[in-house]
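Work through these exercises with the model on screen. Try each task before you read its solution.

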Amino acid sequence: MNRKALFLLWIATLLVFTSCKTNSEDPKINPFDTMSVSNNSERDKIVIISDLHLGNDLSYSENVHHLHRLEQFLIEVRTSSTVKELVLGGDVLDEWYIPTRSDTYGGGTQADFVRKSVAANQGVFNTLNGIISDGKIKVTYVPGNHDMGFTPESIEIALPGVNQARDDNKFPVGTYHPEGFPEIAIEHGHRYDFFCSMTPNAIEDAQESILTPGYFFARIAANSFTDPTTPEEATKVHNVVLNDSTNPEQKSKHNYYSLWKYIMEEVIYVKDDFNEPIITTNIGGLTKTYAISDIIPMNSETDGSIQMKLYNNLFTQASWDERQVYNNVRALSDINTAMAGSLKTQFIDERSDAQFFQDPDSDVRIVVFGHTHIPMIKTYLNHKGQQCIYANSGSWEDKKSRDKNSNIDQDQENMDFITIVPVKSDTKKLQVALHQYHKGQHILKDSKEVEL
């Protein structure tokens, strides 16, 4: 072998050796296992994600562009040596965001719908179920509003062996207290929402249904994006007049009308004829196909009072109080404040304070909601004057656009998560941190510490 051949062989051998050495000495570091606040020596971290909105059909699902990143994130959870629990804080699956003219189950069953949803998001569910089957990290599911209709058995189809945190007497809502931490309460937050809390006995021809006004909002919203129009060309909402301002029920109905007018002209505008039956149901005890005008209040032709075809009996304070009790809400709210708060989401965030921190029978110091899709961390003082932390876990849905040609960098939109971690410098303290999974990296957005 000549000198040139020997030299080339030596270079090749050196490159192989260097490559092997680099790979063995510099493995990928799991970001959950190197958090500066933690001693990173044991499984003691709680990770919370919510509002994944894993859809049945990726042609209109709210989560398509983020699926790869979600799977990547969950692989990091699975391979971490310090994550103790993963909590799925509601709206994991999505039975609501379905275009209006689509039959949700397509003639099948809820179980069929779940299996199809799993198949559409197979990589995510493979990883989630891998975490469960590994048995090293406890995985807990908390119901949200978009998946409130799924029975425990249906969730078991999607996530065999998952721990389900449901209220004993009302399975579509639940509060989870992680192992060893009764001071932490995790729930979705929809039970406080006038549009999204369970609504029993509200639809005359479907008394067994608990589906909410928000369900119809979601169906119309899906239609608004799959068959888009412009605000100028959208169908306008008819005018409704408050003829009796001394009647609290009529005032509440007019407030409700004003919200729908704003929603239908500014948020989820569509070009459909409001009187055309386009909202196909066959879900949750509903069997009819409804028109948008069935949802929106109108003036009665007989006496001018404000009435509506659906949910007409919801608009007294007594009715709202009864509905809140049905949803296991302890700190009751004003009906008109709650209605406006469904859009001004600060109201729902502040229910954490009213429901937990100001309850003299509660020792909860940390509350985590999802639902609003607005990630944040806030501090409160409880009834004892102790500092408490509220966090919202944000969302993993894509950023929406009605422009099919829009160029959105989805890799920097949403994908939020919360961690709760013991502080290494003071074992009595927990850090609650809000992160974004930005281009595959854990970006710390905010954090607070509380001493238990």
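**Exercise 1.** Is the crossing of α6 and α7 left-handed or right-handed?

*Solution.* Residues are numbered from 1 along each chain as its sequence is written. The model is predicted, so local features need pLDDT of at least 70, side-chain atom pairs count only at pLDDT 80 or more, and totals for chains, interfaces and linings use all residues, while side-chain values use heavy atoms, without hydrogens and water.

Step 1: find helix α6 at residues 213-226 and helix α7 at residues 248-267. (Helices are DSSP runs of H or I, at least four residues; strands are runs of E, at least two.)
Step 2: the axes come within 12 Å and cross at roughly 15 degrees. α6 is therefore roughly parallel to α7 (angles under 35 degrees).
Step 3: the crossing of α6 and α7 is right-handed (the near helix is turned clockwise from the far one by less than a right angle).

**Exercise 2.** Which residues of α6 and α7 meet?

*Solution.* Step 1: on α6, pick P213, F217 and I220.
Step 2: on α7, they meet Y256, W260, I263, M264 and V267 (contact: heavy atoms within 4.5 Å).
Step 3: sort the residues of this contact. They divide into 8 nonpolar, no polar and no charged.

**Exercise 3.** What is the strand order in the open sheet of 4 strands?

*Solution.* Step 1: read the order, β5-β10-β12-β11, with mixed pairing.
Step 2: look at the edges. β5 (184-186) and β11 (376-381) each have a single partner strand, so one side of each lacks a neighbour in the sheet.
Step 3: take β5 and β10 (residues 366-369). They pair in the parallel sense over 3 bridges (pairing needs at least two DSSP bridges). A185 has V367 in β10 as its bridge partner.

Note on methods: Axes are lines fitted to C-alpha atoms, for helices over the stretch in contact, and angles run from 0 to 180 degrees between N-to-C directions. Angles under 35 degrees count as roughly parallel, over 145 as roughly antiparallel, 65 to 115 as roughly perpendicular and the rest as oblique. Ala, Val, Leu, Ile, Met, Phe, Trp, Tyr, Cys and Pro count as nonpolar, Asp, Glu, Lys and Arg as charged, and the others, Gly among them, as polar.
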